[in-house]
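Please look at the sequence and the 3D structure below.

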Amino acid sequence: MNLLKTIIERLNQRIEVANIFDKQFGLCELNANGNEKAWVHYIGNGQAEVVTNFDAKQGTLFWAKRGKVTVVKTDAFRVSGCKQLYITSFPLTAYAVVRKSHLPCDSEDAQDWLASRIYKITSGTDPVFKQSLGVINYEVIPSGYINEIKTLTANYEWACVSVDFDIQVITTTEDGCYDICQTGDIPLPDLPACTPCLTEVAVDGVTITGNGTSEDPLVAIGGGGGTPLITKEEGTNVSTNTTTLNFTGAGVTASLTSPGVVQVNVPSGGGGTVTSVTGTAPIASSGGATPAISISQASTSTDGYLSQTDWDTFNNKQAAITPAALTKTDDTNVSLTLGGSPSTSLLAATSLTLGWTGTLADVRIASAATWNAKQNAITLGTTLQYFRGDLSLDTFPTALPPSGAASGDLSGTYPSPNVDKVHGVDFQSGTPTADDLWIYGGAPAKWQHGKIKTINSTTLIGSGNINTGTVTSVAALTLGTSGTDLTSTVATGTTTPVITLNVPTASAANRGALSAADWTTFDSKQAAITPAALTKVDDTNVTLTLGGSPATALLQGASITAGWSGTLADARITSAATWNAKQDAITLTTTGSSGAATLVGATLNIPQYSGGGTSYKSTTDGIATSTNNITLSLSQLITGGTFVVGDIIRFYCRMRATGVIAIKTMRVYVNTTNDLLGTPVLVATYAAGVAVTFQQIKRDLVIKSATNTESTAVSTNIATDDSASNTFSTSNIDWTTDKYIIFTNQRANAGDTLLTSFYTIEKL
């Protein structure tokens with residue numbers, strides 16, 4: 001398993017769930033083989049593509065190692081047995097590119113928001129990842145980020161950050177463990193020393209004391225005593241020659257079952273052999289000489305011992321109380337406690353009656369008759385009345401003041417709301433000054449307080465008429481010639497204005513006064529000439545001057561007819577009949593591919609016969625490409641009807657490369673337009689499979705019908721005339737209309753420059 005690849009896939013899954021990035025790459029590296037450094041992502045088969053596709057809907061993210069991967073042993077955690085813990089650290093950097101228009105923040109905060117979002121979705125631990133890989137711990141620890149990515153093209157439309165992470169994975173290993181079957185010294189793990197805890201054991205009169213250390217060894221007392229059991233150093237076997245336990249009781253035996261393990265058998269009763277032990281429920285015995293005695297725990301369905309928990313529960317229960325009826329027949333008060341302590345509360349009451357109903361006896365009140373005669377019904381008022389607190393009647397008011405929260409153009413609460421708006425438009429804050437008016441303004445869109453302009457120092461505020469003034473005198477006009485049109489200005493806007501009138505000299509660009517010099521020029525021009533028809537009826541030459549002087553030029557001619565059409569009279573030529581019978585100009589066409597040439601009227605048609613030979617060829621280099629896209633290099637227009645049913649079309653094309661030598665692909669399409677738009681038909685493709693400087697395609701197309709053009713398989717390279725293939729392709733190409741055969745190139749390496757250097761198209 002590639003742990004680093006698995007980590008990056010998991011990080012991308014978490015980012016994808018967060019729905020930030022539209023396009024994500026795995027591990028990338030900085031490649032400097034081209035003119036500039038670029039981040040490349042390996043796509044398999046030794047090929048890589050440059051990470052430049054930042055035109056996704058939202059953004060792009062890719063990863064790169066920041067340094068070497070380290071593996072260190074850690075003692076920070078305690079594990080059982082001989083296992084060891086190792087921390088594997090992967091220093092990674094996430095490169096993120098996102099359109100600022102897709103971020104919910106201001107443009108200047110885009111990088112900060114993007115970095116914080118990546119922190120949130122990648123930091124911490126991932127329980128699913130830990131469980132799937134069987135690791136103990138998995139952490140993603142961000143250590144910082146940098147705005148902009150120095151190795152990417154600067155583009156302020158994007159938010160670009162590089163965020164550093166340290167990925168830590170803790171795993172276990174069996175280093176230092178041993179096989180239980182191996183002999184010799186056992187390589188114990190590096191664990192803390194055990195603290196002995198044995199102090200005293202007593203079995204049938206034999207007491208074993210000590211804690212098992214060299215300072216306080218195990219000693220058996222009673223039953224004859226014995227030699228102390230000495231604990232040897234770690235890693236040393238305990239020998240039966242130096243460690244024994246002696247017992248003198250009847251039937252007591254001791255044996256060394258394994259190095260360091262002594263088994264002591266002490267029969268019950270000081271001697272004899274137990275053959276069978278039984279028990280009476282709830283006591284049970286497994287039987288035999290060494291029975292296991294047990295007793296079940298008591299429950300609602302099982303007899304047995306009472307657990308401490310159940311005993312505490314039962315001990316705290318209330319003692320049984322016999323409930324008694326509570327009776328009170330006089331008018332004195334009585335206290336009834338519902339709940340409370342067991343000694344005072346009313347228990348098991350099926351019903352409780354408070355008070356009494358019926359007709360009181362005379363002995364209960366001073367005058368029972370008077371009491372019973374009182375009116376039961378209460379006299380009610382009208383529908384417009386209500387009961388006051390003292391049970392007296394009062395009339396509803398006809399109007400109530402409003403109350404509660406105000407709304408609409410009002411705020412606050414009734415009965416004293418505030419007017420904040422008019423027709424939903426807020427008022428400008430602040431206090432108006434004297435003579436201010438409320439005027440609606442668009443920036444901001446509020447009722448704003450402002451003043452109205454004055455006219456000649458007279459304000460519009462107040463009563464009476466506004467004195468607009470009367471012109472009492474006008475100074476003489478000041479004449480000028482500036483500008484390109486007639487203009488006027490007022491220097492003093494009072495009752496005695498000064499007006500300037502500019503009248504420029506008339507010209508091709510100016511409207512104005514006609515100068516004396518121009519008047520003289522215009523006055524000297526030729527008077528209007530009445531044109532006359534020009535007629536020539538014989539065959540002698542005539543000279544017609546267009547332009548020239550006014551005395552000789554032809555003016556205002558509506559039309560000029562040179563020559564003549566019609567049937568000449570015999571008197572005009574030697575043989576008029578022979579002249580008029582001559583053939584008109586001949587039009588040449590090349591419709592069809594078989595049959596004899598025909599002359600119909602003035603149209604001569606010579607079919608395009610199928611006789612082999614080269615139909616089209618080009619040795620001119622095509623358009624060079626330096627991108628990884630499929631690019632048109634050369635194309636050839638095939639006129640509709642050039643190829644017909646039964647024709648075999650053979651074409652060759654050759655591609656040449658410069659720069660870094662790598663695998664490249666040639667393709668040939670047929671399309672109705674001179675581009676790759678729409679639905680072009682792919683008829684040939686070839687990638688050599690190895691790095692070459694040039695490669696060539698040779699293909700044959702057979703036109704079998706109007707809707708069927710058959711060829712060898714599109715992806716098969718047939719380099720010889722004698723060829724065989726397990727597959728072939730059929731395409732629907734209408735050769736009766738104009739078609740373009742398009743030769744394209746596609747590079748696979750950033751350092752390549754490709755072009756189509758040669759092609760031929762033959763009809764066999």
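Is Asp166 buried or partly exposed? Its relative accessibility is 26%, so Asp166 counts as partly exposed, because buried means under 20% and exposed means over 50%. The model in view is a predicted one, and this value, like the others below, was computed from it.

Asp166 has a charged partner. Its side chain meets that of Arg66 in a salt bridge, with N and O 2.8 Å apart. The two residues belong to distant parts of the chain: Asp166 is in strand β9, whereas Arg66 is in the loop between β4 and β5, and 100 residues separate them. Arg66, at 36% relative accessibility, is partly exposed as well.

Arg66 also forms a salt bridge with Asp164, where the closest N and O atoms are 3.8 Å apart. Asp164 lies in strand β9, which covers residues 158-173, and Arg66 sits between β4 (59-65) and β5 (70-74), so this pair ties together parts that are 98 residues apart in sequence. With a relative accessible area of 21%, Asp164 is partly exposed; the limit for a buried residue is under 20%.

Now turn to helix α1, made up of residues 3-18. How far apart are its end C-alpha atoms? They are 23 Å apart, and this agrees with the 22 Å that 16 residues should span at 1.5 Å a residue. At the start of the helix, a side-chain oxygen of Asn2 comes to within 3.2 Å of the backbone nitrogen of Leu4. After the helix comes Asn19, which has a positive phi, near 60°.

The buried residues of α1 include Leu4, Ile7, Ile8, Leu11 and Ile15. Arg10 and Arg14 are also among them.

Which side chain does Arg10 meet in a salt bridge? The partner is Asp126, at 2.6 Å from N to O. This pair, too, links distant parts of the chain: Arg10 belongs to helix α1, while Asp126 is in the loop between β7 (124-125) and α3 (127-133), 116 residues away. Asp126 has a relative accessible area of 6%, so Asp126 is buried. Salt bridges with shared partners join Arg10, Arg14 and Asp126 into one network.

How values were computed
Residues numbered from 1 in each chain as written. Predicted model: local features only at pLDDT ≥ 70, side-chain atom pairs only at ≥ 80, totals over all residues. Heavy atoms only, no water. Helix = DSSP H or I, 4+ residues; strand = E, 2+ residues; numbered from the N terminus. Expected span 1.5 Å × (residues − 1). Buried < 20%, exposed > 50% of the residue type's maximum accessible area, 1.4 Å probe, protein only. Polar contact = N/O pair within 3.5 Å; in protein donor to acceptor, adjacent residues only side chain to side chain. Salt bridge = Lys/Arg side-chain N within 4 Å of Asp/Glu carboxyl O.
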